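Hi everyone, thanks for coming. I'd like to walk you through a model I've been looking at, and I'll keep it short.

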Amino acid sequence: MATQAKKTQVSMKVNGVEVEGLVEPRTLLVHFIRENLQLTGTHIGCETTHCGACTVDLDGRSVKSCTVFAVQADGSEIITIEGIANADGTLSALQEGFRMMHGLQCGFCTPGMITRAHRLLQENPNPSEEEIRFGIAGNLCRCTGYQNIVKAIQYAAAKINGTEYQEAAE
Amino acid sequence: MIPGPFTYHRPGSVADALKLLAELGDEARPLAGGHSLIPMMKLRLASPEHLIDLHGITALKGVVREGDRVVVRAMTTQHELLGSDVIASILPILKETSLLIADPQIRYCGTLGGNVANGDPGNDMPALMQLLNADFLIEGPDGQRTVAARDFYQGAYFTALEPGEILTAISIPGPASGHGYAYEKLKRKVGDYATAAAGVVMTMEGGIVTSCSIGLTNLADTPLWAQEAGEAVVGTSLDDAALKRAADAAIAIMSPAADGRGPVEYRKHVGGIMVQRALKRAAARAA
(Lines give C-alpha, C1' and ligand atoms only; values in the text may rest on other atoms or scores of the structure.)
Protein backbone atom coordinates (compact mmCIF):
# COMPACT_ATOMS: atom_id res chain seq x y z
CA MET A 1 0.00 0.00 0.00
CA ALA A 2 1.26 3.42 -0.92
CA THR A 3 1.97 5.92 1.78
CA GLN A 4 -0.66 8.58 2.29
CA ALA A 5 -0.78 10.67 -0.86
CA LYS A 6 0.00 14.34 -0.47
CA LYS A 7 -2.90 16.74 -0.39
CA THR A 8 -3.33 19.08 -3.29
CA GLN A 9 -4.91 22.49 -3.59
CA VAL A 10 -8.04 22.73 -5.73
CA SER A 11 -10.08 25.77 -6.63
CA MET A 12 -13.36 26.00 -8.46
CA LYS A 13 -16.38 28.21 -8.80
CA VAL A 14 -19.37 26.75 -6.99
CA ASN A 15 -22.73 28.50 -7.41
CA GLY A 16 -20.90 31.60 -8.60
CA VAL A 17 -18.52 31.74 -5.65
CA GLU A 18 -14.79 31.05 -5.93
CA VAL A 19 -13.85 28.34 -3.45
CA GLU A 20 -10.69 26.43 -2.70
CA GLY A 21 -9.63 23.60 -0.50
CA LEU A 22 -6.93 21.09 0.28
CA VAL A 23 -7.89 17.55 -0.71
CA GLU A 24 -6.38 14.14 -1.11
CA PRO A 25 -6.52 13.06 -4.74
CA ARG A 26 -8.91 10.28 -3.76
CA THR A 27 -11.44 12.73 -2.31
CA LEU A 28 -14.65 12.39 -4.30
CA LEU A 29 -16.26 15.59 -5.51
CA VAL A 30 -19.41 14.88 -3.51
CA HIS A 31 -17.37 14.72 -0.29
CA PHE A 32 -15.59 17.95 -1.13
CA ILE A 33 -18.94 19.64 -1.73
CA ARG A 34 -20.62 18.28 1.39
CA GLU A 35 -17.76 18.25 3.88
CA ASN A 36 -15.31 20.96 2.81
CA LEU A 37 -17.88 23.39 1.44
CA GLN A 38 -20.67 22.35 3.84
CA LEU A 39 -23.17 22.33 0.98
CA THR A 40 -25.19 19.35 2.10
CA GLY A 41 -28.02 19.71 -0.39
CA THR A 42 -26.17 17.35 -2.73
CA HIS A 43 -27.04 13.90 -1.43
CA ILE A 44 -25.14 10.65 -1.31
CA GLY A 45 -27.51 7.87 -2.24
CA CYS A 46 -26.12 4.64 -3.62
CA GLU A 47 -22.43 5.63 -3.93
CA THR A 48 -22.28 3.31 -6.96
CA THR A 49 -23.08 5.66 -9.87
CA HIS A 50 -26.64 4.41 -10.16
CA CYS A 51 -29.08 6.64 -8.31
CA GLY A 52 -28.17 10.18 -9.38
CA ALA A 53 -28.91 11.77 -5.97
CA CYS A 54 -25.42 13.32 -6.06
CA THR A 55 -25.89 14.91 -9.50
CA VAL A 56 -24.32 18.34 -9.90
CA ASP A 57 -23.70 20.51 -12.95
CA LEU A 58 -19.99 20.57 -13.86
CA ASP A 59 -19.00 22.89 -16.72
CA GLY A 60 -22.39 22.45 -18.33
CA ARG A 61 -22.61 18.69 -17.89
CA SER A 62 -24.70 16.75 -15.41
CA VAL A 63 -22.37 14.45 -13.51
CA LYS A 64 -22.68 12.07 -10.59
CA SER A 65 -20.36 13.70 -8.08
CA CYS A 66 -19.72 10.36 -6.34
CA THR A 67 -17.86 9.23 -9.47
CA VAL A 68 -15.63 12.24 -10.07
CA PHE A 69 -12.60 13.14 -8.00
CA ALA A 70 -12.43 16.67 -6.62
CA VAL A 71 -9.02 17.09 -8.28
CA GLN A 72 -10.66 16.44 -11.65
CA ALA A 73 -12.98 19.39 -11.03
CA ASP A 74 -10.09 21.77 -10.34
CA GLY A 75 -10.72 25.00 -12.27
CA SER A 76 -14.31 24.10 -13.16
CA GLU A 77 -17.66 25.77 -12.63
CA ILE A 78 -20.18 23.85 -10.58
CA ILE A 79 -23.85 24.35 -9.83
CA THR A 80 -25.41 22.46 -6.92
CA ILE A 81 -29.00 22.54 -5.70
CA GLU A 82 -28.02 25.51 -3.51
CA GLY A 83 -27.35 27.50 -6.69
CA ILE A 84 -30.65 26.78 -8.43
CA ALA A 85 -32.90 29.43 -6.83
CA ASN A 86 -33.33 32.80 -8.54
CA ALA A 87 -30.82 35.52 -7.66
CA ASP A 88 -33.40 37.29 -5.46
CA GLY A 89 -33.95 34.13 -3.42
CA THR A 90 -37.33 33.22 -4.91
CA LEU A 91 -37.92 29.72 -6.22
CA SER A 92 -36.75 29.01 -9.76
CA ALA A 93 -39.25 27.68 -12.26
CA LEU A 94 -38.06 24.13 -11.59
CA GLN A 95 -38.31 24.46 -7.83
CA GLU A 96 -41.75 25.98 -8.20
CA GLY A 97 -42.74 23.15 -10.53
CA PHE A 98 -41.68 20.49 -8.03
CA ARG A 99 -43.72 22.30 -5.35
CA MET A 100 -46.81 22.90 -7.43
CA MET A 101 -46.91 19.45 -9.03
CA HIS A 102 -45.95 17.52 -5.87
CA GLY A 103 -42.79 16.33 -7.58
CA LEU A 104 -41.39 14.90 -4.36
CA GLN A 105 -42.43 12.83 -1.40
CA CYS A 106 -39.45 12.04 0.85
CA GLY A 107 -37.31 14.54 -1.07
CA PHE A 108 -34.07 12.59 -1.04
CA CYS A 109 -33.71 12.39 -4.83
CA THR A 110 -34.95 15.95 -5.38
CA PRO A 111 -31.61 17.85 -5.43
CA GLY A 112 -30.29 15.48 -8.07
CA MET A 113 -33.53 15.54 -10.02
CA ILE A 114 -33.62 19.34 -10.11
CA THR A 115 -29.95 19.83 -11.04
CA ARG A 116 -30.33 17.22 -13.78
CA ALA A 117 -33.59 18.80 -15.02
CA HIS A 118 -31.83 22.18 -15.00
CA ARG A 119 -29.29 20.95 -17.59
CA LEU A 120 -31.96 19.06 -19.54
CA LEU A 121 -33.98 22.26 -19.99
CA GLN A 122 -30.85 24.19 -20.95
CA GLU A 123 -30.23 21.70 -23.75
CA ASN A 124 -33.85 21.15 -24.71
CA PRO A 125 -36.11 23.99 -23.56
CA ASN A 126 -39.29 22.30 -24.74
CA PRO A 127 -38.95 18.55 -24.14
CA SER A 128 -41.68 16.01 -24.80
CA GLU A 129 -42.75 13.71 -21.98
CA GLU A 130 -40.67 10.95 -23.55
CA GLU A 131 -37.61 13.22 -23.74
CA ILE A 132 -38.03 14.17 -20.09
CA ARG A 133 -38.27 10.53 -19.03
CA PHE A 134 -35.21 9.66 -21.14
CA GLY A 135 -33.37 12.71 -19.83
CA ILE A 136 -33.85 11.81 -16.15
CA ALA A 137 -33.15 8.11 -16.64
CA GLY A 138 -30.00 8.44 -14.52
CA ASN A 139 -31.96 9.62 -11.47
CA LEU A 140 -33.86 7.15 -9.33
CA CYS A 141 -36.90 8.01 -7.21
CA ARG A 142 -38.39 5.35 -4.97
CA CYS A 143 -41.45 7.36 -3.89
CA THR A 144 -43.26 9.12 -6.69
CA GLY A 145 -43.34 6.70 -9.59
CA TYR A 146 -41.92 9.66 -11.55
CA GLN A 147 -45.34 10.87 -12.78
CA ASN A 148 -45.29 14.09 -10.79
CA ILE A 149 -41.58 14.65 -11.41
CA VAL A 150 -42.29 14.63 -15.13
CA LYS A 151 -45.17 17.05 -14.58
CA ALA A 152 -42.93 19.31 -12.48
CA ILE A 153 -40.40 19.54 -15.29
CA GLN A 154 -43.18 20.16 -17.83
CA TYR A 155 -44.50 22.92 -15.55
CA ALA A 156 -41.03 24.50 -15.36
CA ALA A 157 -40.52 24.28 -19.13
CA ALA A 158 -43.87 25.98 -19.73
CA LYS A 159 -43.08 28.71 -17.21
CA ILE A 160 -39.63 29.37 -18.71
CA ASN A 161 -41.14 29.47 -22.22
CA GLY A 162 -43.88 31.84 -21.08
CA THR A 163 -46.70 29.44 -21.94
CA GLU A 164 -49.48 28.02 -19.80
CA TYR A 165 -48.83 24.58 -18.32
CA GLN A 166 -51.50 22.21 -19.61
CA GLU A 167 -51.74 19.07 -17.59
CA ALA A 168 -52.35 16.13 -19.89
CA ALA A 169 -55.67 14.38 -19.42
CA GLU A 170 -55.29 11.23 -17.33
CA MET B 1 -16.66 3.63 -0.61
CA ILE B 2 -13.38 5.56 -0.53
CA PRO B 3 -10.71 4.51 -3.02
CA GLY B 4 -7.19 3.71 -1.90
CA PRO B 5 -4.71 6.57 -1.97
CA PHE B 6 -3.07 7.50 -5.23
CA THR B 7 -1.10 10.31 -6.81
CA TYR B 8 -2.90 12.30 -9.49
CA HIS B 9 -1.24 13.38 -12.73
CA ARG B 10 -2.74 15.54 -15.44
CA PRO B 11 -0.38 15.63 -18.43
CA GLY B 12 -0.98 18.13 -21.22
CA SER B 13 0.15 15.99 -24.12
CA VAL B 14 0.18 12.36 -25.25
CA ALA B 15 3.99 12.45 -25.10
CA ASP B 16 3.90 13.52 -21.45
CA ALA B 17 1.31 10.85 -20.63
CA LEU B 18 3.45 8.16 -22.26
CA LYS B 19 6.48 9.39 -20.35
CA LEU B 20 4.58 9.13 -17.07
CA LEU B 21 3.36 5.64 -17.95
CA ALA B 22 6.93 4.57 -18.74
CA GLU B 23 8.32 6.04 -15.52
CA LEU B 24 5.61 4.80 -13.19
CA GLY B 25 5.16 1.37 -14.72
CA ASP B 26 2.60 -1.13 -13.48
CA GLU B 27 1.36 1.07 -10.66
CA ALA B 28 -0.03 3.69 -13.06
CA ARG B 29 -3.34 3.65 -14.88
CA PRO B 30 -4.61 6.10 -17.49
CA LEU B 31 -7.95 7.68 -16.57
CA ALA B 32 -10.44 8.44 -19.33
CA GLY B 33 -14.12 9.01 -18.43
CA GLY B 34 -13.53 7.09 -15.22
CA HIS B 35 -16.94 5.46 -15.05
CA SER B 36 -15.50 1.94 -15.12
CA LEU B 37 -12.26 2.60 -13.23
CA ILE B 38 -13.50 4.87 -10.42
CA PRO B 39 -16.29 2.48 -9.34
CA MET B 40 -13.68 -0.33 -9.34
CA MET B 41 -11.39 1.84 -7.20
CA LYS B 42 -14.23 2.60 -4.78
CA LEU B 43 -14.78 -1.13 -4.37
CA ARG B 44 -11.00 -1.54 -3.95
CA LEU B 45 -11.01 -3.97 -6.84
CA ALA B 46 -8.46 -1.63 -8.37
CA SER B 47 -5.90 0.37 -6.39
CA PRO B 48 -3.53 2.07 -8.80
CA GLU B 49 -0.91 4.16 -7.05
CA HIS B 50 -0.89 6.70 -9.85
CA LEU B 51 -3.75 7.96 -12.00
CA ILE B 52 -2.83 9.65 -15.26
CA ASP B 53 -5.86 11.75 -16.17
CA LEU B 54 -6.09 12.21 -19.94
CA HIS B 55 -8.61 15.07 -19.71
CA GLY B 56 -5.93 17.73 -20.03
CA ILE B 57 -4.91 16.53 -23.50
CA THR B 58 -6.88 18.53 -26.05
CA ALA B 59 -5.36 16.53 -28.93
CA LEU B 60 -7.44 13.56 -27.73
CA LYS B 61 -10.76 15.36 -28.31
CA GLY B 62 -12.94 15.60 -31.37
CA VAL B 63 -14.46 13.91 -34.40
CA VAL B 64 -12.92 14.58 -37.81
CA ARG B 65 -13.37 13.30 -41.37
CA GLU B 66 -10.28 11.96 -43.10
CA GLY B 67 -11.21 11.07 -46.66
CA ASP B 68 -13.71 8.21 -46.55
CA ARG B 69 -13.03 7.59 -42.87
CA VAL B 70 -14.21 9.14 -39.64
CA VAL B 71 -11.61 9.54 -36.93
CA VAL B 72 -12.93 9.78 -33.39
CA ARG B 73 -10.26 10.81 -30.94
CA ALA B 74 -10.21 8.70 -27.81
CA MET B 75 -11.45 11.18 -25.21
CA THR B 76 -14.59 12.08 -27.18
CA THR B 77 -17.55 11.37 -24.88
CA GLN B 78 -20.74 9.51 -25.77
CA HIS B 79 -22.55 12.82 -25.23
CA GLU B 80 -20.28 14.50 -27.78
CA LEU B 81 -20.92 11.67 -30.25
CA LEU B 82 -24.65 12.38 -29.86
CA GLY B 83 -24.08 16.02 -30.77
CA SER B 84 -21.74 15.40 -33.72
CA ASP B 85 -23.06 16.19 -37.22
CA VAL B 86 -20.36 13.97 -38.76
CA ILE B 87 -21.53 11.00 -36.71
CA ALA B 88 -25.21 11.73 -37.41
CA SER B 89 -24.66 11.86 -41.16
CA ILE B 90 -22.02 9.17 -41.76
CA LEU B 91 -22.23 6.77 -38.81
CA PRO B 92 -25.74 7.08 -37.38
CA ILE B 93 -25.38 3.64 -35.76
CA LEU B 94 -22.93 5.23 -33.30
CA LYS B 95 -25.60 7.71 -32.30
CA GLU B 96 -28.23 5.02 -31.91
CA THR B 97 -25.87 2.95 -29.78
CA SER B 98 -24.65 5.86 -27.64
CA LEU B 99 -28.25 6.51 -26.63
CA LEU B 100 -28.44 2.96 -25.27
CA ILE B 101 -25.31 3.27 -23.12
CA ALA B 102 -25.84 3.82 -19.40
CA ASP B 103 -27.67 7.08 -18.58
CA PRO B 104 -27.31 10.79 -19.39
CA GLN B 105 -24.87 11.61 -16.59
CA ILE B 106 -22.59 8.74 -17.54
CA ARG B 107 -22.72 9.65 -21.24
CA TYR B 108 -21.38 13.12 -20.37
CA CYS B 109 -18.28 11.39 -18.95
CA GLY B 110 -17.86 8.07 -20.75
CA THR B 111 -15.53 8.17 -23.74
CA LEU B 112 -15.35 6.11 -26.92
CA GLY B 113 -11.67 5.41 -26.27
CA GLY B 114 -12.32 4.16 -22.76
CA ASN B 115 -15.28 2.09 -23.90
CA VAL B 116 -13.27 0.24 -26.55
CA ALA B 117 -9.94 0.03 -24.70
CA ASN B 118 -11.24 -1.32 -21.39
CA GLY B 119 -11.98 -4.78 -22.77
CA ASP B 120 -15.20 -5.18 -20.80
CA PRO B 121 -17.38 -7.62 -22.78
CA GLY B 122 -20.44 -5.67 -21.61
CA ASN B 123 -19.39 -2.50 -23.39
CA ASP B 124 -21.41 -1.76 -26.52
CA MET B 125 -18.93 0.03 -28.78
CA PRO B 126 -16.42 -2.80 -29.35
CA ALA B 127 -18.89 -4.97 -31.30
CA LEU B 128 -19.83 -1.91 -33.33
CA MET B 129 -16.17 -1.22 -34.10
CA GLN B 130 -15.74 -4.84 -35.21
CA LEU B 131 -18.75 -4.84 -37.51
CA LEU B 132 -17.62 -1.51 -39.01
CA ASN B 133 -14.05 -2.83 -39.37
CA ALA B 134 -12.56 0.10 -37.45
CA ASP B 135 -8.87 0.51 -36.64
CA PHE B 136 -7.56 1.50 -33.22
CA LEU B 137 -4.64 3.94 -33.24
CA ILE B 138 -2.22 3.23 -30.43
CA GLU B 139 0.76 5.23 -29.20
CA GLY B 140 3.48 3.81 -27.04
CA PRO B 141 7.14 4.15 -26.16
CA ASP B 142 8.11 2.75 -29.55
CA GLY B 143 5.86 5.04 -31.57
CA GLN B 144 2.53 4.53 -33.28
CA ARG B 145 0.82 1.38 -34.38
CA THR B 146 -2.61 0.38 -35.60
CA VAL B 147 -4.60 -2.66 -34.52
CA ALA B 148 -7.85 -3.67 -36.21
CA ALA B 149 -10.83 -3.84 -33.84
CA ARG B 150 -11.35 -7.39 -35.11
CA ASP B 151 -7.88 -8.37 -33.79
CA PHE B 152 -7.86 -6.29 -30.59
CA TYR B 153 -9.86 -8.36 -28.10
CA GLN B 154 -8.30 -11.45 -26.52
CA GLY B 155 -10.50 -12.11 -23.49
CA ALA B 156 -12.42 -10.26 -20.81
CA TYR B 157 -10.27 -7.20 -20.01
CA PHE B 158 -7.42 -8.64 -22.10
CA THR B 159 -6.63 -6.71 -25.26
CA ALA B 160 -3.78 -6.08 -27.66
CA LEU B 161 -2.95 -2.90 -25.73
CA GLU B 162 0.48 -3.34 -24.14
CA PRO B 163 1.56 -1.79 -20.83
CA GLY B 164 2.78 1.73 -21.43
CA GLU B 165 0.54 2.27 -24.47
CA ILE B 166 -2.46 4.57 -24.91
CA LEU B 167 -5.26 4.11 -27.43
CA THR B 168 -5.44 7.60 -28.94
CA ALA B 169 -8.05 7.40 -31.70
CA ILE B 170 -10.50 5.18 -33.54
CA SER B 171 -10.53 5.33 -37.33
CA ILE B 172 -13.77 4.07 -38.86
CA PRO B 173 -14.41 3.52 -42.58
CA GLY B 174 -17.62 5.31 -43.53
CA PRO B 175 -20.26 2.78 -44.64
CA ALA B 176 -21.81 3.20 -48.12
CA SER B 177 -24.31 6.05 -48.29
CA GLY B 178 -27.86 4.72 -48.11
CA HIS B 179 -26.82 1.86 -45.85
CA GLY B 180 -29.26 0.51 -43.31
CA TYR B 181 -28.25 0.11 -39.69
CA ALA B 182 -29.61 -0.90 -36.31
CA TYR B 183 -28.37 -1.72 -32.82
CA GLU B 184 -30.74 -3.90 -30.81
CA LYS B 185 -29.99 -4.20 -27.10
CA LEU B 186 -31.94 -6.23 -24.60
CA LYS B 187 -31.32 -5.01 -21.07
CA ARG B 188 -33.07 -5.42 -17.76
CA LYS B 189 -33.26 -1.70 -17.05
CA VAL B 190 -31.79 1.64 -18.05
CA GLY B 191 -28.09 1.70 -17.31
CA ASP B 192 -27.62 -2.06 -17.41
CA TYR B 193 -25.21 -3.91 -19.64
CA ALA B 194 -26.77 -5.93 -22.42
CA THR B 195 -28.33 -9.29 -21.71
CA ALA B 196 -27.70 -9.63 -25.42
CA ALA B 197 -27.18 -7.09 -28.19
CA ALA B 198 -26.60 -7.12 -31.93
CA GLY B 199 -25.56 -4.44 -34.39
CA VAL B 200 -26.10 -4.55 -38.14
CA VAL B 201 -24.93 -2.44 -41.08
CA MET B 202 -26.20 -3.52 -44.50
CA THR B 203 -26.72 -2.35 -48.04
CA MET B 204 -29.57 -3.41 -50.32
CA GLU B 205 -30.36 -3.09 -53.99
CA GLY B 206 -33.80 -3.79 -55.44
CA GLY B 207 -34.90 -5.56 -52.27
CA ILE B 208 -31.87 -7.85 -52.19
CA VAL B 209 -29.16 -7.61 -49.53
CA THR B 210 -25.82 -6.75 -51.17
CA SER B 211 -23.64 -6.58 -48.06
CA CYS B 212 -24.14 -7.18 -44.37
CA SER B 213 -21.95 -7.01 -41.28
CA ILE B 214 -23.11 -8.10 -37.82
CA GLY B 215 -21.54 -7.54 -34.38
CA LEU B 216 -22.56 -9.07 -31.04
CA THR B 217 -22.22 -7.61 -27.53
CA ASN B 218 -21.93 -9.46 -24.20
CA LEU B 219 -22.46 -12.87 -25.77
CA ALA B 220 -18.89 -14.07 -25.20
CA ASP B 221 -15.91 -12.85 -23.18
CA THR B 222 -15.02 -10.66 -26.16
CA PRO B 223 -17.15 -8.78 -28.66
CA LEU B 224 -17.94 -10.93 -31.69
CA TRP B 225 -17.92 -10.16 -35.39
CA ALA B 226 -20.50 -12.61 -36.74
CA GLN B 227 -19.03 -12.90 -40.22
CA GLU B 228 -20.95 -16.01 -41.31
CA ALA B 229 -24.22 -14.66 -39.98
CA GLY B 230 -23.75 -11.54 -42.10
CA GLU B 231 -22.86 -13.53 -45.19
CA ALA B 232 -25.92 -15.75 -44.68
CA VAL B 233 -28.28 -12.96 -45.70
CA VAL B 234 -26.33 -11.57 -48.67
CA GLY B 235 -28.18 -12.28 -51.92
CA THR B 236 -31.50 -12.87 -50.12
CA SER B 237 -34.57 -10.70 -49.75
CA LEU B 238 -34.23 -11.19 -45.97
CA ASP B 239 -37.09 -13.68 -45.93
CA ASP B 240 -37.80 -15.71 -42.82
CA ALA B 241 -35.47 -18.53 -43.86
CA ALA B 242 -32.57 -16.09 -44.32
CA LEU B 243 -33.26 -14.44 -40.96
CA LYS B 244 -33.21 -17.84 -39.28
CA ARG B 245 -29.98 -18.86 -41.02
CA ALA B 246 -28.33 -15.62 -39.81
CA ALA B 247 -29.58 -16.06 -36.24
CA ASP B 248 -28.42 -19.70 -36.19
CA ALA B 249 -24.98 -18.76 -37.51
CA ALA B 250 -24.70 -16.04 -34.85
CA ILE B 251 -25.88 -18.35 -32.06
CA ALA B 252 -23.25 -20.90 -33.12
CA ILE B 253 -20.43 -18.53 -32.13
CA MET B 254 -21.98 -17.22 -28.89
CA SER B 255 -20.64 -18.39 -25.53
CA PRO B 256 -22.18 -16.07 -22.95
CA ALA B 257 -21.67 -16.44 -19.22
CA ALA B 258 -24.56 -17.44 -17.00
CA ASP B 259 -25.13 -14.53 -14.62
CA GLY B 260 -27.86 -12.33 -13.21
CA ARG B 261 -28.96 -11.60 -16.76
CA GLY B 262 -29.93 -15.20 -17.34
CA PRO B 263 -28.66 -18.70 -18.06
CA VAL B 264 -26.56 -19.47 -21.12
CA GLU B 265 -29.41 -20.94 -23.20
CA TYR B 266 -31.63 -17.93 -22.57
CA ARG B 267 -28.94 -15.43 -23.50
CA LYS B 268 -28.15 -17.27 -26.72
CA HIS B 269 -31.85 -17.48 -27.54
CA VAL B 270 -32.44 -13.76 -27.06
CA GLY B 271 -29.13 -13.07 -28.83
CA GLY B 272 -30.61 -14.71 -31.92
CA ILE B 273 -33.73 -12.58 -31.57
CA MET B 274 -31.61 -9.41 -31.33
CA VAL B 275 -29.88 -10.42 -34.57
CA GLN B 276 -33.19 -10.90 -36.37
CA ARG B 277 -34.66 -7.64 -35.06
CA ALA B 278 -31.55 -5.67 -35.98
CA LEU B 279 -31.53 -7.19 -39.49
CA LYS B 280 -35.18 -6.29 -40.07
CA ARG B 281 -34.82 -2.76 -38.78
CA ALA B 282 -31.60 -2.17 -40.74
CA ALA B 283 -33.29 -3.44 -43.93
CA ALA B 284 -36.20 -1.06 -43.43
CA ARG B 285 -33.72 1.82 -43.29
CA ALA B 286 -31.58 0.77 -46.27
CA ALA B 287 -32.17 2.96 -49.30
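Leaving aside neighbours within four places in sequence, B:Val71 is in contact with B:Gly62, B:Val63, B:Val64, B:Glu66, B:Ala169, B:Ile170 and B:Ser171. Before I go on, please keep in mind that this is a predicted model.

Where does B:Val71 sit in chain B? You'll find it in strand β5, which covers residues 69–73. And is B:Val71 buried or exposed? With a relative accessibility of 6%, it counts as buried, because the cut-off for that is under 20%. If you want a sense of distance, take B:Glu27: 44 residues separate it from B:Val71 in sequence, and their C-alpha atoms are 30 Å apart in space.

B:Val64 belongs to strand β4, residues 63–66 of chain B. Not counting residues up to four places away in sequence, B:Val64 touches B:Arg69, B:Val70, B:Val71 and B:Arg73. For another distance, B:Thr111 is 47 residues from B:Val64 along the chain, with 16 Å between their C-alpha atoms.

Now let's zoom out to the whole of chain B. It has 12 helices and 14 strands. Its radius of gyration is 19 Å, close to the 19 Å given by the globule rule for 287 residues, so chain B is as compact as a globular protein of that length. The C-alpha atoms fill a box of roughly 60 × 45 × 35 Å along the principal axes. Of the 287 residues in chain B, 57% are buried. Among the contacts in chain B with a separation of 6 or more, 62% are between residues 24 or more positions apart. The accessible surface of chain B is about 11,400 Å², and carbon and sulfur atoms account for 52% of that. As for charges, chain B has 26 positive and 31 negative ones, and their mean positions are 7 Å apart.

While we're on chain B, there are two backbone spots I'd like you to see. B:Tyr157 is not a glycine, yet it has a positive phi of about 65 degrees. Look for it in the loop between β8 (153–155) and β9 (158–159). B:Tyr157 is partly exposed, because its relative accessible area is 48%. The other spot is B:Asn218, also a residue other than glycine, with a positive phi near 65 degrees. B:Asn218 is in the loop between β13 (208–217) and β14 (224–225). At 11% relative accessibility, B:Asn218 counts as buried.

On to chain A. What pattern does it follow along the sequence? It reads β-β-α-β-β-β-α-α-α-α. With a radius of gyration of 17 Å, close to the 15 Å that the globule rule gives for 170 residues, chain A is as compact as a globular protein of that length. Its C-alpha atoms fill a box of roughly 60 × 35 × 25 Å along the principal axes. Buried residues make up 53% of chain A.

Have a look at helix α1 of chain A, residues 29–36, where A:Leu29, A:Val30, A:His31, A:Phe32 and A:Ile33 are buried. What covers those buried residues? The cover includes β1 (8–14), β2 (17–23), β3 (55–58) and β5 (77–79) of chain A. Just after that helix, A:Gln38 has a positive phi of about 60 degrees.

Last stop: the place where the two chains meet. Chain A contributes 33 residues to the contact and chain B contributes 31. Together the two chains bury about 2,600 Å², with 64% of that on carbon and sulfur atoms. Which three residues supply more than any other three of the area that chain A buries against chain B? They are A:Arg26, A:Phe69 and A:Gln72, which supply 24% of it.

Key
Residues numbered from 1 in each chain as written. Chains lettered and ligands numbered in written order. Predicted model: local features only at pLDDT ≥ 70, side-chain atom pairs only at ≥ 80, totals over all residues. Heavy atoms only, no water. Helix = DSSP H or I, 4+ residues; strand = E, 2+ residues; numbered from the N terminus. Rg over C-alpha atoms; globule rule 2.2 N^0.38 Å. Buried < 20%, exposed > 50% of the residue type's maximum accessible area, 1.4 Å probe, protein only. Contact = heavy atoms within 4.5 Å. Buried area = accessible area lost by both parts, 1.4 Å probe. Areas by Shrake-Rupley, 256 points an atom, 1.4 Å probe, with all protein chains shown as cover. Lys, Arg positive; Asp, Glu negative; His and termini not counted. Charge placed at Lys NZ, Arg CZ, Asp CG, Glu CD.
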